Protein chains: 2
Amino acid sequence: MGAEWDQHVAVTRLGAGSYAAELTDGWRVGGGINGGYQLAVVGTALSKVVPGRPDPLAISAYFLSAATHGPATVDARVLREGGSVATLAADLRQGDQARLSVLATYGDLAGLPDDVRTTATPPDLPPVEECVSNRHAPEEVRSVAPLMERFDMRFDPRHVGWVVGQPSGNGEMQAWFRLVEDREPDPMSLLMVVDALPPVTYDLGMAGWAPTLELTAHVRACPAPGWLQVRHATRNVAGGMFEEDCEVWDSSGRLVAQSRQLARVPR
Amino acid sequence: MGAEWDQHVAVTRLGAGSYAAELTDGWRVGGGINGGYQLAVVGTALSKVVPGRPDPLAISAYFLSAATHGPATVDARVLREGGSVATLAADLRQGDQARLSVLATYGDLAGLPDDVRTTATPPDLPPVEECVSNRHAPEEVRSVAPLMERFDMRFDPRHVGWVVGQPSGNGEMQAWFRLVEDREPDPMSLLMVVDALPPVTYDLGMAGWAPTLELTAHVRACPAPGWLQVRHATRNVAGGMFEEDCEVWDSSGRLVAQSRQLARVPR
């Protein structure tokens, strides 16, 4: 079982399509459990449903209520199995409370053709050692957000002005990312990485929790070992909501995951 | 019932959460029925499920098999109703064949706060009269794609080089869009608009059908009457798949819809 990450997302089969999980308080942030971590738990259960289809090519989560630490169940069903992919549905529940509902297309990333014609460009992050570590967060922040102890995150200094009340106003945030214990990234952990940074609205001077309505992630390749680079941006804050786009690049310079979520602006 | 669009997306209630629809051959393209049109049919059924929640704020469709023209049923269920939104699930079926599976968050666009802090910029389309009309498509194209008769589409001349074997290679496409009969856009029709242009891979010299695995759309505002501007782009063609991002802007200059889909590159 090794690294804590593997223990945190572990699931146990209860029966056909049904899995038990334990949401850890270690991924709490404020009053809830991080949504990306919940998605990785559901994603781990779904990876066991159809043999030979271990990877989430596309996964969409609709958030129904705030999860708490403790036992949870994932109930999955196969909508279609054919060709090289399987389409799956799942619900994450705690007791009689539905937490999230998920649709996903699973496949085998290792079996995809090796063409890469990416025109997107990687984040222009300064070197890791010139970035601002989450280890420098004040104790009062760390106590309400134990998830900060789960990873080493190094923020681009240009996008941390909000910490001292001087947001850039651009709606951008980017950081180096690595799980603790040097646990290397894999396709499943990317489902958490796309939701691990603070809401990009902090960079617009809108501090606070930004509840996610919907998050869809595409995992496009198995990430190489080492540091990930993560970039968040929003371009459409309107009507009390905003979209947050995320890109995750691996140490080989490959765009390994893209996500978009629709969230409410902080109150 | 007025315009043909209203007839094409009409649904009839069969029972609790169950609706009958008729997929028209008029939205056929090649061997299948346009995915955005199917999504608008499902979206129309979902708009009737929870009173006061008529608009799709976010909707995700996973495509299971190619639809054909003829009868279809939409079966919907409420996952959560609370606060100002409702979260819904639906399946579109024809006989015993599942066509698409959907999750969605519905609300009331008219009731949202009126703040707009959009930093995205509208397409730089030339005036309508300087763009290339879909009416100029050759007869052999129009005969296999009757959906071309459903709308007036005016392509940016910079992105139609693929028609004569000279794609720009940028992975972009943009056009003016308007339904026939001057049927004005509404939130539901935007679910079709985000999938109405040819696959953006044409602009990369990859002609042919690009099957969608997953499409998620966010409808952010009720569109103003008049022409819409639609922009498609891809930035990550890799591993035999590509993401296609779409923006729809209305005649008042508001970004009214954003979507992203994951599709396979044409064979």
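A residue counts here as buried if 20 or more other C-beta atoms lie within 10 Å of its own, as exposed if 12 or fewer do, and as partly exposed in between, with C-beta atoms placed from the backbone. By that criterion, buried residues make up 50% of the 267 residues in chain A. The model is predicted: local features need pLDDT of at least 70, side-chain atom pairs count only at pLDDT 80 or more, and totals for chains, interfaces and linings use all residues. Residues are numbered from 1 along each chain as its sequence is written, while chains are lettered from A and ligands numbered from 1 in the order in which they are written.

Chain A as a whole contains four helices and 15 strands. Helices (H or I, at least four residues) and strands (E, at least two) are DSSP runs, numbered from the N terminus. Along the principal axes, the C-alpha atoms of chain A fill a box of roughly 50 × 45 × 40 Å. The radius of gyration is taken over C-alpha atoms, and the globule rule is 2.2 Å times the number of residues to the power 0.38. For 267 residues a compact globule would have a value near 18 Å, and chain A agrees, with 18 Å. Two residues are in contact if their C-beta atoms, placed from the backbone, lie within 7 Å. Among the contacts in chain A with a separation of 6 or more, 72% are between residues 24 or more positions apart.

How are the two chains related? A rotation of 180° with 0.0 Å of shift along its axis superposes chain A on chain B, with an RMSD of 0.0 Å. The two copies are thus related as by a two-fold rotation axis. The superposition is by least squares on the C-alpha atoms of residues with pLDDT of at least 70 in both copies.

The contact between the chains takes 40 residues from chain A and 40 residues from chain B. On the side of chain A that touches chain B, the elements that give two or more residues are strands E5 (55-63), E6 (70-82), E7 (85-94), E8 (97-107), E12 (212-219) and E15 (255-264) of chain A. The residues of this side divide into 19 nonpolar, 13 polar and eight charged. In this division Ala, Val, Leu, Ile, Met, Phe, Trp, Tyr, Cys and Pro count as nonpolar, Asp, Glu, Lys and Arg as charged, and the others, Gly among them, as polar. Of the interface residues of chain A, 100% are also interface residues in chain B, so the copies meet through the same surface.

Strand E12(A) is one of the elements that contribute to this side. Eight of the eight residues of E12(A) are buried, so the strand is largely enclosed by the rest of the structure. Two strands pair if DSSP finds at least two bridges between them. E5(A) and E12(A) pair in the antiparallel sense over five bridges, and Tyr62(A) has Glu214(A) in E12(A) as its bridge partner. E12(A) also pairs with E15(A) in the antiparallel sense, over seven bridges; there Leu215(A) stands opposite Gln261(A) in E15(A).

Another strand with two partners is found in chain B. Strand E11 (residues 172-179) of chain B is mostly covered, with six of its eight residues buried. Strand E10 (residues 151-155) of chain B pairs with E11(B) in the antiparallel sense over five bridges, among them that of Phe155(B) with Ala175(B) in E11(B). Six bridges join E11(B) to strand E13 (residues 228-233) of chain B, and these two run antiparallel. Here the bridge partner of Met173(B) is His232(B) in E13(B).

Helix H2 (residues 35-46) of chain B has 12 residues and reaches 16 Å from its first C-alpha to its last, close to the 16 Å expected at 1.5 Å a residue. The expected span is 1.5 Å times one less than the number of residues. H2(B) is mostly covered, since 12 of its 12 residues are buried; Gly35(B), Tyr37(B) and Leu46(B) are among them.

Two loop residues of chain A remain. Are they buried or exposed? His69(A), in the loop between E5 and E6 of chain A, is partly exposed, with 16 other C-beta atoms within 10 Å. Leaving out residues up to four places away in sequence, His69(A) touches Leu23(A), Thr24(A), Asp25(A), Arg28(A) and Ile33(A). Asn236(A), in the loop between strands E13 (228-233) and E14 (241-249) of chain A, is buried, with 26 other C-beta atoms within 10 Å. With the same exclusion of residues up to four places away, Asn236(A) touches residues of both chains, including Phe242(A), Glu243(A), Thr118(B), Arg220(B) and Gln258(B).
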